[in-house]
Amino acid sequence: MAYWHIDLLAYFIVMKFDKLTSTCVPLPIENVDTDQIIPARFLKATTREGFGDNLFADWRYDKEGKPLANFVLNNPLYKNAEILVAGKNFGSGSSREHAAWAIAGYGFRVVISSFFADIFRNNALNNFVLPVIVSEGFLAELFADIEKDPQTTVSIDLEKQTITNNSSGKSESFEINGYKKNCLLNGYDDIDFLLSNKSLIETWESSK
């Protein structure tokens with residue numbers, strides 16, 4: 001279920017997150033930093049619109065702006081995947097929130113890795129993208145299964161905090177901040193959360 005959310009920067013679609021099953025885009029590169037996710041030259045924009053078009057721009061396009069056939073986002077086998085599977089230490093580097101905007105703008109709802117930079121992880125959650133930390137063994141097997149069959153799917157259950165590789169049948173649990181979990185399940189940003197508790201706040205204030 002989606003609804004329109006209005007903030008000071010842009011109109012964008014916010015979706016409640018409960019369960020998701022999707023194919024995956026594999027990016028088995030470690031230490032991908034935020035400048036590789038969204039190069040600095042694109043940071044002048046003041047709205048979130050269009051950032052998805054420039055996700056991994058220096059890997060995705062040549063100097064003339066033409067798609068590079070050997071980059072995974074340009075491979076039709078992975079079209080419409082809502083999950084990005086990334087190598088260890090994803091999102092390191094500068095704290096730019098634009099990296100999360102680009103991930104979300106492309107259409108990814110989940111990023112899987114064995115380790116995320118803390119600031120990127122928080123930025124992702126603030127932009128309704130779920131970062132899921134898995135063991136290195138789970139990640140390696142998932143990359144191998146996707147390589148063998150690009151139609152391999154992964155299922156995420158946020159309420160239960162589980163991730164399942166549907167090719168192998170293996171599952172793991174993942175951690176998430178309880179507040180951010182509640183926000184994702186309900187499609188809330190920080191202001192929405194406060195508004196949802198308006199009556200409780202008013203009751204508390206009246207008791208003073």
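In which sense do strand β3 (residues 19–27) and β7 pair, and over how many bridges? They pair in the antiparallel sense, over 5 bridges.

This is a predicted model, so a local feature needs a pLDDT of at least 70 and side-chain atom pairs count only at pLDDT 80 or more, while totals for chains, interfaces and linings use all residues. Numbering runs from 1 along each chain as its sequence is written, and side-chain values use heavy atoms, with hydrogens and water left out.

View 1. Strands are DSSP runs of E with at least two residues, helices are runs of H or I with at least four, and both are numbered from the N terminus. Look for Leu20, which stands opposite Ile156 in β7. Strand β7 (residues 153–157) is largely enclosed by the rest of the structure because 4 of its 5 residues are buried (under 20% relative accessible area, 1.4 Å probe, protein chains only).

**View 2. The hairpin of β7 and β8.** Strand β8 (residues 162–165) runs antiparallel to β7, joined by 4 bridges. The hairpin has 4 residues between the strands, and Gln161 takes a positive phi near 60°.

**View 3. Two loop residues with positive phi.** Most residues other than glycine have a negative phi. Asn89, in the loop between β4 (83–86) and α3 (98–106), has a phi near 65°. Phe128 also has a phi near 65° and sits in the loop between α4 (118–126) and β6 (130–133). At 9% relative accessibility, Phe128 counts as buried.

Conventions
Buried means under 20% relative accessible area, exposed over 50%, partly exposed in between (1.4 Å probe, protein chains only). Two strands pair if DSSP finds at least two bridges between them.
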